[in-house]
Amino acid sequence: MELTNILNELHTLNGDQLRSLNRAVCNQMSSIRDRDSALKRRTLRAGDQVSWQGRHGYTEGTIVRVKRKKAICDVGSGRNWDVPLNMLTAI
């Protein structure tokens, strides 16, 4: 089924069907994030130089430790930030 068809049919769904659809979409998004995190976890290691775009703009740092879904990154001057793996890009 195509996205346009789904969007056109949304108004015909009742509350239970909409909740079920929402749950399925959230589960799928979670699965995609988990898969992306697992891929990054296998490719990034402690000591790697990385960059990311966050609340404070473009930032570069060095990975200190890779956890399940985040990495602790040293951004200099003794500060470590916990950064989600899906935000990191190897330099």
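Guide: Let us begin with Asp 82, which is partly exposed because its relative accessible area is 38%. Here buried means under 20% relative accessible area, exposed over 50%, and partly exposed in between, with a 1.4 Å probe and protein chains only. The model is predicted: local features need pLDDT of at least 70, side-chain atom pairs count only at pLDDT 80 or more, and totals for chains, interfaces and linings use all residues. Residues are numbered from 1 along each chain as its sequence is written, and side-chain values use heavy atoms, with hydrogens and water left out.

Visitor: With which residue does Asp 82 form a salt bridge?

Guide: Side chains of opposite charge can pair when their charged atoms come close. The criterion for a salt bridge is a side-chain nitrogen of Lys or Arg within 4 Å of a carboxyl oxygen of Asp or Glu. Asp 82 pairs with Lys 67, and their closest N and O atoms are 3.2 Å apart. Asp 82 belongs to strand S4 and Lys 67 to the loop between S2 and S3, so the pair ties together parts that are 15 residues apart in sequence. Helices (H or I, at least four residues) and strands (E, at least two) are DSSP runs, numbered from the N terminus. Lys 67 has 26% relative accessibility and therefore counts as partly exposed.

Visitor: How many salt bridges does the structure hold?

Guide: There are three salt bridges. One of them joins Asp 34 to Lys 69, with the closest N and O atoms 2.6 Å apart. Because Asp 34 lies in helix H2 and Lys 69 in the loop between S2 and S3, this pair ties together parts that are 35 residues apart in sequence. Asp 34, at 34% relative accessibility, is partly exposed, as is Lys 69 at 46%. Asp 16 forms a salt bridge with Arg 19, the closest N and O atoms being 2.8 Å apart. Both Asp 16 and Arg 19 lie in helix H2, three residues apart, about one turn of the helix.

Visitor: Which residues line the largest pocket?

Guide: Rolling a probe the size of a water molecule over the atoms shows where empty space is left. On a 1 Å grid over the protein atoms alone, a cavity is a set of points where a 1.4 Å probe fits but cannot get out, whereas a pocket is an open set with protein on both sides within 12 Å along at least five of seven lines; lining residues have an atom within 4 Å of a point. The lining of the largest pocket includes Trp 52, Arg 55, Trp 81, Asp 82 and Met 87. Strand S1 (49–54), strand S2 (57–66) and S4 each give two or more residues to this lining, and S4 gives the most, with four residues. The volume of the largest pocket is about 190 Å³, a volume being the space filled by probe spheres set on the points, which are joined across faces, edges and corners.

Visitor: Where is Ser 77 found?

Guide: Ser 77 is in the loop between strand S3 (70–74) and strand S4 (80–84). Its phi is near 50 degrees, a positive value in a residue other than glycine. Ser 77 counts as exposed because its relative accessibility is 69%.
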